[in-house]
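Hello,

Here is the structure I promised to pass on. Have a look at it first, and my notes follow below.

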Amino acid sequence: MTSTSTGPGEPGNLETGAGEVPAPQPSVTAANDAIRNFVAGRTLWSKEALAELDRLRGQWQRAVRAEMVKAA
């Protein structure tokens, strides 16, 4: 399974092989906590750290969308 971010604010692409089930998305709270923990105390941002932050933001956005759809 491969997840690729297409940029800030974009949900990314999800490819699964035959018979594979995508991993469940974290809750909005869990995704938000992951972002908070990742950025806590950081003053320098490498290219890799920014990519990870973008990935975490994508997870958060997908979790928010999933909860909105579930609520509708």
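Let me start with the helix pair. Helix α1 (residues 28-39) packs against helix α2 (residues 47-71) at an angle of about 160°, and their axes lie 8 Å apart. Axes here are lines fitted to C-alpha atoms, for helices over the stretch in contact, and angles run from 0 to 180 degrees between N-to-C directions. α1 and α2 are therefore roughly antiparallel to each other (the term covers angles over 145 degrees). Their crossing is left-handed, meaning that the near helix is turned anticlockwise from the far one by less than a right angle.

As for the residues involved, α1 brings Val28, Ala31, Asn32, Ala34, Ile35, Phe38 and Val39 into contact with α2 (heavy atoms within 4.5 Å). On the α2 side, the partners are Ala49, Glu52, Leu53, Leu56, Arg57, Gln59, Trp60, Ala63, Val64 and Glu67. By type, the residues of this contact split into twelve nonpolar, two polar and three charged.

Before I go on, a note on the source: this is a predicted model, where local features need pLDDT of at least 70 and side-chain atom pairs count only at pLDDT 80 or more, while totals for chains, interfaces and linings use all residues. Residues are numbered from 1 along each chain as its sequence is written, and side-chain values use heavy atoms, with hydrogens and water left out.

Now the chain as a whole. From the N terminus on, its elements run β-β-α-α (helices are DSSP runs of H or I with at least four residues, strands runs of E with at least two). Of the 72 residues, 18% are buried (under 20% relative accessible area, with a 1.4 Å probe and protein chains only). Among contacts between residues at least 6 apart in sequence, 42% join residues at least 24 apart.

Is Leu50 buried or partly exposed? Leu50 has a relative accessible area of 44%, so it is partly exposed (between 20% and 50%). Its C-alpha atom is 10.0 Å from that of Val39, eleven residues away along the chain.

Best wishes

Notes:
Parallel < 35°, antiparallel > 145°, perpendicular 65-115°, else oblique. Nonpolar A, V, L, I, M, F, W, Y, C, P; charged D, E, K, R; others polar.
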